[in-house]
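Dear colleague,

I am passing on the structure that we spoke about, and my notes on it follow below. Please read them with the model open beside you.

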Amino acid sequence: DKVLVSGANGFIAVWVLQTLLEKGYSVRGTVRSAAKAAHLDSLFKAKYAGKWEWVVVADITQEDAFDEAVKSVDGILHMASPFNYEITSPEAAIQPAVQGTVGILKSATKFGPQIKRIVITSSIAAILEIGDMSVPRTFTEEDWNNQAPALVEAHGAGAGPLVIYCASKMLAEKAAWDYLKDNKGRIAWDLTTVNPSFVLGPILHEVKSAEALNQSALDWYRAVLTPDSSDEKLAREPSNSYVDVRDVATAHVLALETEAAGGERFLISRSFYVYQDWLDVIQNILPSIQGTLPANISASRLAALPKGVRGAGKAAVRSIEFDVRKADKVLGIKYRSVEETAEDSLKDYLGRGW
Ligand code: NDP
């Protein structure tokens with residue numbers, strides 16, 4: 001089978017490409033320019049000869065942007081969407097998120113009668129309403145983040161990049177389910193969304209410096225591996241939840257393959273943390289992984305890692321929970337340990353000489 005992956009050069013997407021290719025799928029990736037495919041070719045072209053190809057889709061906000069790309073594929077994973085905190089206007093995030101999503105569904109309707117399933121990378125951002133965090137609440141796939149679009153409606157750019165991003169993901173996912181409802185009789189494929197929490201872990205995509213990391217990995221790198229990060233802030237940083245990028249990639253492939261996943265959203269999350277928890281995990285594992293570290297990681301670099309106040313994360317108050325049982329049950333997701341994510345990220349990032 002052949003699978004189309006949009007935004008193929010992104011952090012999560014390159015792990016998805018690798019997972020699909022390892023499983024024997026043929027893969028077509030979309031990138032915004034040919035230059036962005038060079039690194040992907042270096043990873044996959046020789047190793048998976050004849051199974052890997054890419055096409056340029058320069059502007060996903062154009063309604064017919066994906067018309068050619070969807071031809072002759074059996075499934076689609078739509079991942080292209082802006083995620084960064086440099087977003088300055090609601091339109092800059094919401095237009096590509098919503099129009100890109102609806103556009104790929106329209107192209108699949110017109111030119112993909114053979115397509116069986118479309119999986120959209122949504123987010124916890126489409127589910128979680130931060131609201132009053134002191135009120136205990138468990139979020140499930142039944143929940144929708146109506147708060148973020150309302151805040152953007154009320155405050156425009158003043159809502160800030162994070163809220164704008166959340167609104168873009170909520171509106172894009174909502175638009176996808178609405179499209180499906182409105183076009184029921186005309187389409188052969190079904191729809192699944194994967195809604196991960198913060199995605200962390202080692203990287204396969206092209207990143208030339210730490211500052212060029214994608215947003216979620218950059219936050220982790222700054223807090224956990226940057227020598228001068230502020231100890232105080234780390235212990236108090238509000239609770240976040242994460243999932244390893246390799247588990248997210250596997251979840252996407254399972255979402256594509258699992259019959260019972262059609263028509264479902266899947267909340268994917270490993271556990272909550274404050275950054276101090278990661279500092280503690282790294283200090284705990286360092287003695288046992290010392291001998292396996294890349295040779296270019298110096299002892300002084302390791303000694304300079306922030307330590308914070310050991311155990312201070314335990315005092316963090318968290319009132320919200322995520323119910324991830326549906327993904328466990330239907331997809332059979334197995335999550336990596338926190339230690340594995342920490343070890344592999346540390347080796348990968350520091351091994352690059354950053
Ligand atoms: P990356 O920033 O690494 O990748 C984003 C991808 O989307 C890139 O291919 C990028 O292309 C493309 N893209 C961004 N903006 C546009 C645009 N305006 N038009 C066309 N393409 C665009 O991020 P991630 O891998 O983290 O994100 C991938 C998906 O996962 C997104 O849908 C994101 O919302 C979602 N997600 C991410 C989470 C995380 O914590 N990382 C958590 C939950 C969901 P280019 O390189 O050309 O900019």
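**Core, sheets and ligand shell**

The largest nonpolar core has 108 residues, and those with the most contacts inside it are Val 5, Ile 12, Ala 251 and Ile 268. A nonpolar core here is a set of buried Ala, Val, Leu, Ile, Met, Phe, Trp, Tyr and Cys residues joined through C-beta atoms within 7 Å; a residue is buried if 20 or more other C-beta atoms lie within 10 Å of its own, exposed if 12 or fewer, and partly exposed in between, with the C-beta atoms placed from the backbone. The largest share of this core, 9 residues, comes from helix α5 (residues 161-182).

Please keep in mind that this is a predicted model, in which local features need pLDDT of at least 70 and side-chain atom pairs count only at pLDDT 80 or more, whereas totals for chains, interfaces and linings use all residues. Residues are numbered from 1 along each chain as its sequence is written. Helices (H or I, at least four residues) and strands (E, at least two) are DSSP runs, numbered from the N terminus.

Val 5, one of the core residues with the most contacts, touches Ala 13, Val 16, Leu 17, Val 27, Gly 29, Leu 77 and Met 79, if residues up to four places away in sequence are not counted. Contact is taken to mean that the C-beta atoms of two residues, placed from the backbone, lie within 7 Å.

*The seven-stranded sheet*

An open sheet is formed by 7 strands in the order β3-β2-β1-β4-β5-β7-β10, with parallel pairing; two strands pair if DSSP finds at least two bridges between them. Its edge strands, each pairing on one side only, are β3 (52-56) and β10 (265-268). From one strand to the next the twist averages 20°, where axes are lines fitted to C-alpha atoms, for helices over the stretch in contact, and angles run from 0 to 180 degrees between N-to-C directions.

Within this sheet, β4 (residues 75-78) and β5 (residues 117-121) pair in the parallel sense over 4 bridges, and His 78 stands opposite Ile 120 in β5. Helix α3 (residues 90-111) packs on the sheet, touching β1 (2-6), β4 and β5, and its direction makes about 170° with that of β4. Helix α8 (residues 245-257) also packs on the sheet, where it touches β1, β4, β5, β7 (190-196) and β10, and its direction makes about 165° with that of β7.

The strands β1 and β2 likewise pair in the parallel sense over 4 bridges, and the bridge partner of Leu 4 in β2 is Arg 28. Because 5 of the 6 residues of β2 (residues 26-31) are buried, this strand is largely enclosed by the rest of the structure.

*The three-stranded sheet*

A further open sheet has 3 strands in the order β8-β9-β11, and its pairing is mixed. The edge strands are β8 and β11 (271-273), each of which pairs on one side only, and the twist averages 50° from one strand to the next. The pairing of β8 with β9 (residues 240-244) is parallel, over 3 bridges, and Phe 198 stands opposite Tyr 242 in β9. Helix α8 packs on this sheet as well, touching β8 and β9, with its direction at about 70° to that of β9.

*The ligand shell*

Of the 23 residues around the ligand, Gly 7, Gly 10, Ser 81, Pro 96 and Ser 216 come nearest; a residue is near if its C-beta atom, placed from the backbone, lies within 6 Å of the molecule. The elements that give two or more residues to this shell are α1 (11-22) and β8 (198-200), and the largest share, 3 residues, comes from α1. By class the shell has 12 nonpolar, 8 polar and 3 charged residues, where Ala, Val, Leu, Ile, Met, Phe, Trp, Tyr, Cys and Pro count as nonpolar, Asp, Glu, Lys and Arg as charged, and the others, Gly among them, as polar.

*Single residues*

Helix α5 includes Val 163, which is buried, with 22 other C-beta atoms within 10 Å, and which touches Ala 148, Leu 151 and Val 152, again not counting residues up to four places away in sequence. Asp 178 lies in helix α5 too, but is exposed, with 11 other C-beta atoms within 10 Å.

Finally, Ser 72, in the loop between β3 and β4, has a positive phi of about 65° although it is not a glycine. Most residues other than glycine have a negative phi.

With best regards
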